[in-house]
Amino acid sequence: QVQLVESGGGAVQAGGSLRLSCAASGRTFNAMGWFRQAPGKERDFVAVVSWSGSNLVYADSVKGRFTISRDNAKNTVYLQMNNLKPEDTAVYYCAADQGWSTVAALYRYWGQGTQVTVSS
């Protein structure tokens, strides 16, 4: 059975940092990424990384502040979030699949989500 389990969310002040983790079990994936969903909004792409780690894509809104990485030995993907802003407040979801995409609808496997709240 495939499972994605996120951890690391929480509440921070603007300018602070958080590190999210997503541990996968049951299989490995070429693409592992992060999406986020704020109340009343659609689920938006944040970042995705390939198996080798050489292919990385970020949403424009997080470039220069967030870093995605993965440890294939642990089957885990990370999202280091620095210089957080109130507009980063959302539920963050880990997603994984064989295909490479920035489109949420193309991912079959999802974590349960972890809340990130940034106060001003």
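F35 and F45 are both buried, where buried means under 20% relative accessible area, exposed over 50% and partly exposed in between, with a 1.4 Å probe and protein chains only. This is a predicted model, in which local features need pLDDT of at least 70, side-chain atom pairs count only at pLDDT 80 or more, and totals for chains, interfaces and linings use all residues. Residues are numbered from 1 along each chain as its sequence is written, and side-chain values use heavy atoms, leaving out hydrogens and water.

**Aromatic pairs**
- The structure holds 6 aromatic pairs; rings of Phe, Tyr and Trp (its six-membered ring) pair if their centres lie within 6.5 Å, and planes under 30 degrees apart count as stacked, over 60 as edge-to-face and the rest as tilted.
- One of them joins F35 and F45 edge-to-face, at 5.7 Å centre to centre with 70 degrees between the planes.
- That pair links distant parts of the chain, with F35 in strand β4 (residues 31-37) and F45 in strand β5 (residues 43-49), 10 residues apart; strands (E, at least two residues) are DSSP runs numbered from the N terminus.
- Y107 and W110 also pair edge-to-face, 6.3 Å centre to centre and 70 degrees between the planes.
- Y107 is buried at 4% relative accessible area, while W110 is partly exposed at 26%.

**Cluster and charge**
- F35, F45, Y93, Y107 and W110 form one aromatic cluster.
- The charged end of R43 sits over the ring of Y93, 3.6 Å from its centre; this requires NZ of Lys or CZ of Arg within 6 Å of the ring centre and within 35 degrees of the ring normal.
- R43 also lies over the face of W110, 4.8 Å from the ring centre.

How values were computed
Helices (H or I, at least four residues) and strands (E, at least two) are DSSP runs, numbered from the N terminus.
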